[in-house]
Structures are given as C-alpha cells and as structure tokens.
Amino acid sequence: MLEFDRVAKSFGDKHVLRELSLVVKPGELYGFCGANGAGKTTAMRIALGVLTADAGDVRWQGRPVDADSRRRFGYMPEERGLYAKMTPRDQLVFFAGLSGVAPATARRRADEWIERLGVVLGPKDTLEKLSLGNQQKVQLIASLIHDPDVLVLDEPFSGLDPVAVDAMADVLLEFARKGVPTLFSSHQLDLVERLCDRVGIIRDGALVAEGTVDQLRRSAGSGQLEIALSGAPDDWAASVPGVRVVAATGAKVTLEVEDGVPAQRILAAAQSMGRLEHFGRRDPALADIFRESVAGSAR
Ligand SMILES: Nc1ncnc2c1ncn2[C@@H]1O[C@H](COP(=O)(O)OP(=O)(O)OP(=O)(O)O)[C@@H](O)[C@H]1O
C-alpha cells in the first residue's frame with residue numbers, strides 16, 4: 001500500500017501541505033479531490049521524488065519510497081512531460097526503457113496500448129501533430145507501459161472525450177483488479193463518484209473529508225428532501241419551521257431538514273400548501289459534499 005504519513009511542505013512562508021496523511025490500499029482507486037491550489041500536485045510530486053518533503057514520509061509497502069521503488073511507480077505528471085518532436089512510439093519505448101523494459105517488449109506493448117486506447121496517429125506523426133486528447137492518452141500509456149505496481153496520476157481525465165474517459169476508466173479498473181493501488185486527482189467529481197473506492201478531499205494541505213462516497217454522504221447528513229408541489233405559492237417552504245431552502249427550480253424545492261424534524265411533519269405542511277407531485281429524499285452528490293468541505297477555505 002501507498003502511505004502518506006504527516007507529509008509537510010512549505011514554499012517560503014506558504015504552508016502547502018500540513019501533515020497530510022492518507023493511505024491507498026492494494027487494488028483501491030483513491031480519488032484525490034480539492035480546490036485549485038489545495039496541494040494535490042505537490043503531494044504527488046513528493047511521492048515521486050520530484051519535490052522533497054520538509055517533514056513526514058511517503059511509504060510504499062511499509063518502506064520510505066526511494067529511487068528503486070519509484071521505478072515500479074506509474075506517474076502521470078500534471079505538466080505533461082512528452083517530447084514534441086518524437087513519435088509517440090519512440091518515446092513510449094524510451095520511457096519503458098527507463099524502467100528496464102526491453103525494446104522489443106516495449107514496442108509490442110506500445111502498439112497494444114495505442115490500439116486499445118484508440119490513439120489516432122499516422123505512422124510518421126510526431127507528438128505535436130496529435131490532438132491534445134490523443135497526446136494525453138500517450139502520456140497515460142507512458143505511465144503504464146512498464147506494468148507498474150502503483151499508479152499516481154495527476155488529472156488523468158482532464159481534456160478527454162467521453163469515449164476516451166470510458167477507455168481510461170476501464171484501464172484503471174483493470175489495474176485495480178490486479179491489486180494495483182491508484183491515487184488520482186480530478187476535478188471531475190461525477191467521474192470520481194462513479195469510479196473511486198474511496199475519496200479524500202484536501203483543503204489547505206490537509207484532508208478534511210475521507211471515505212467511500214456512501215460514507216461521505218452519510219456524514220454529510222441525509223437530511224435533504226426534494227418536494228414538488230403544484231398550485232402552491234413560490235415561497236411556500238419559507239414558512240415551514242425546521243427547514244432551509246437550498247435550491248428551487250420551477251415547482252421543485254430542495255430542503256435541508258434540521259436534526260430531529262420528522263419528514264412526516266414536512267409532508268403534512270407541504271400537502272396543506274398545494275397538490276403534491278413529488279416527495280423524496282435526496283442524497284447529496286459528491287459535488288455538494290466537496291463544496292461543503294472546501295467552504296471556509298482561507299484561500
Ligand atoms: N514550486 C513552487 N513554488 C512556490 N509555490 C508553489 C510551488 N509549487 C506549488 N506551489 C503552490 O502550492 C500550492 C499548491 O499547489 P498544487 O499545485 O499542489 O495544488 P493543486 O491542488 O494540485 O491545484 P490544482 O487543482 O489547481 O492543480 C499553490 O498555492 C501553488 O501556488
């Protein structure tokens with residue numbers, strides 16, 4: 001498993017990571033979420049040795065990560081590090097070679113991955129001739145071609161079309177099934193919600209929420225109701241004690257319910273105001289939990 005243990009990092013007097021601790025277990029897809037500047041890339045760079053922590057440890061299989069263990073990491077950096085003037089195949093073989101993969105094996109794997117991820121390229125195309133999405137697929141292949149034991153991917157899904165997102169998601173799930181732990185950052189919370197076993201939300205360099213999406217939902221409270229009425233005044237819910245209107249679209253309102261207020265009482269209040277079209281509980285989306293968790297950020 002991959003462990004961040006009280007990792008701290010400052011740039012000048014700016015504390016970017018404040019004793020960040022998290023664990024990515026074998027076979028787990030861990031979604032690393034946080035507002036811009038929260039510290040995700042910095043944490044990943046420390047895991048890969050691009051930056052050094054001021055304090056704390058990153059451990060792989062119980063031992064501090066070093067140059068040797070990093071050769072078994074698959075890393076997709078935020079600054080995509082490919083060579084514009086090389087063909088994708090040549091650079092994939094080059095990257096694989098850095099991790100000790102023989103050229104013939106690397107060429108075979110490169111072709112298989114290019115086919116599988118549907119990278120559109122002509123035989124002589126250099127990387128710069130490819131669309132951004134296709135370049136991104138090549139970057140992902142570069143992080144996978146040595147069949148790594150652990151994956152650290154900085155926004156692997158950004159800029160991909162939905163078909164490419166699905167192809168990439170399938171690849172990550174396949175690695176997870178093999179027992180590979182994957183830490184990936186993303187702002188695409190619907191995708192994180194769909195894919196991840198666990199999610200960590202980082203704010204100002206420390207985790208402020210962590211768990212499965214269901215656990216996060218439960219801790220966010222299930223006290224939201226969605227109610228649609230016809231024939232009621234627009235602001236009918238404002239007069240109901242024990243609730244707060246969090247959204248209103250057309251005839252439908254979403255209400256946050258205070259602890260201890262029974263749904264029956266709200267149902268009765270709604271029915272006295274108009275004809276009931278819909279009444280149901282609403283589970284908060286990961287995006288709602290995210291907004292709640294990052295609210296109050298100093299930045
Ligand atoms: N080399 C550096 N020197 C100074 N400050 C830095 C450096 N690298 C990162 N920072 C600062 O550290 C903070 C965290 O940045 P980081 O890139 O880790 O955030 P992030 O969570 O990945 O954000 P995003 O979602 O925008 O990619 C930011 O305020 C950034 O400006």
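Residues are numbered from 1 along each chain as its sequence is written. Because the model is predicted, local features need pLDDT of at least 70 and side-chain atom pairs count only at pLDDT 80 or more, while totals for chains, interfaces and linings use all residues. Helices (H or I, at least four residues) and strands (E, at least two) are DSSP runs, numbered from the N terminus. Two strands pair if DSSP finds at least two bridges between them.

An open sheet is formed by six strands. Their order is β6-β7-β8-β3-β9-β10, and the pairing is mixed. The edge strands are β6 (73–76) and β10 (206–211), each of which pairs on one side only. From one strand to the next, the twist averages 15°. Within this sheet, strand β3 (residues 29–34) and strand β9 (residues 198–203) run parallel and are joined by five bridges. C33 stands opposite I201 in β9.

Axes are lines fitted to C-alpha atoms, for helices over the stretch in contact, and angles run from 0 to 180 degrees between N-to-C directions. Helix α1 lies across β3, β7 (150–154), β8 (182–185) and β9. Its direction is at about 145° to β7. Helix α8 (residues 213–220) also packs on the sheet, where α8 touches β9 and β10. The direction of α8 makes about 105° with that of β10.

The residues around the ligand are F11, V16, G34, N36, G37, A38, G39, K40, T41 and T42. With three residues, α1 gives the most to this shell. By class, the shell has three nonpolar, six polar and one charged residue. Here Ala, Val, Leu, Ile, Met, Phe, Trp, Tyr, Cys and Pro count as nonpolar, Asp, Glu, Lys and Arg as charged, and the others, Gly among them, as polar.

A four-strand open sheet has the order β12-β13-β11-β14, with antiparallel pairing. β12 (243–249) and β14 (275–281) stand at the edges with a single partner strand each, so one side of each is left without a neighbour in the sheet. Neighbouring strands of this sheet are turned by 25° against each other on average, direction ignored. Six bridges join β12 to the antiparallel strand β13 (residues 252–257). V243 has V257 in β13 as its bridge partner.

Further pairing involves β4. Strand β1 (residues 2–11) pairs with strand β4 (residues 55–60) in the antiparallel sense over five bridges. The bridge partner of A8 is A55 in β4. Two bridges join β4 to strand β5 (residues 63–64), again antiparallel. R59 has P64 in β5 as its bridge partner. β4 and β5 form a hairpin with two residues between them. In the turn, Q61 has a positive phi of about 50°.

Helix α3 packs against two other helices. Angles under 35 degrees count as roughly parallel, over 145 as roughly antiparallel, 65 to 115 as roughly perpendicular and the rest as oblique. A crossing is left-handed if the near helix is turned anticlockwise from the far one by less than a right angle, and right-handed if clockwise. Helix α3 (residues 88–98) and helix α5 (residues 132–144) pack at an angle of about 25°, with axes 9 Å apart. The two are therefore roughly parallel to each other. Their crossing is right-handed. In this contact, P88, L92 and F95 of α3 meet V138, I141 and A142 of α5. The contact of α3 with α5 has six nonpolar, no polar and no charged residues.

Helix α4 (residues 103–116) packs on α3 at about 130°, and the axes are 9 Å apart. α3 is therefore oblique to α4. The crossing of α3 and α4 is right-handed. From α3, the contact includes P88, R89 and L92, and from α4 it includes P103, A106 and R107. By class, it holds eight nonpolar, one polar and three charged residues.

The axes of α8 and helix α10 (residues 286–294) come within 10 Å and cross at roughly 60°. These helices are therefore oblique to each other. The crossing of α8 and α10 is left-handed. V213, L216, R217 and A220 of α8 make the contact with L286, I289 and E292 of α10. Five of the contact residues are nonpolar, none polar and two charged.

Terms used
A residue is near a molecule or strand if its C-beta atom, placed from the backbone, lies within 6 Å of it. Two residues are in contact if their C-beta atoms, placed from the backbone, lie within 7 Å.
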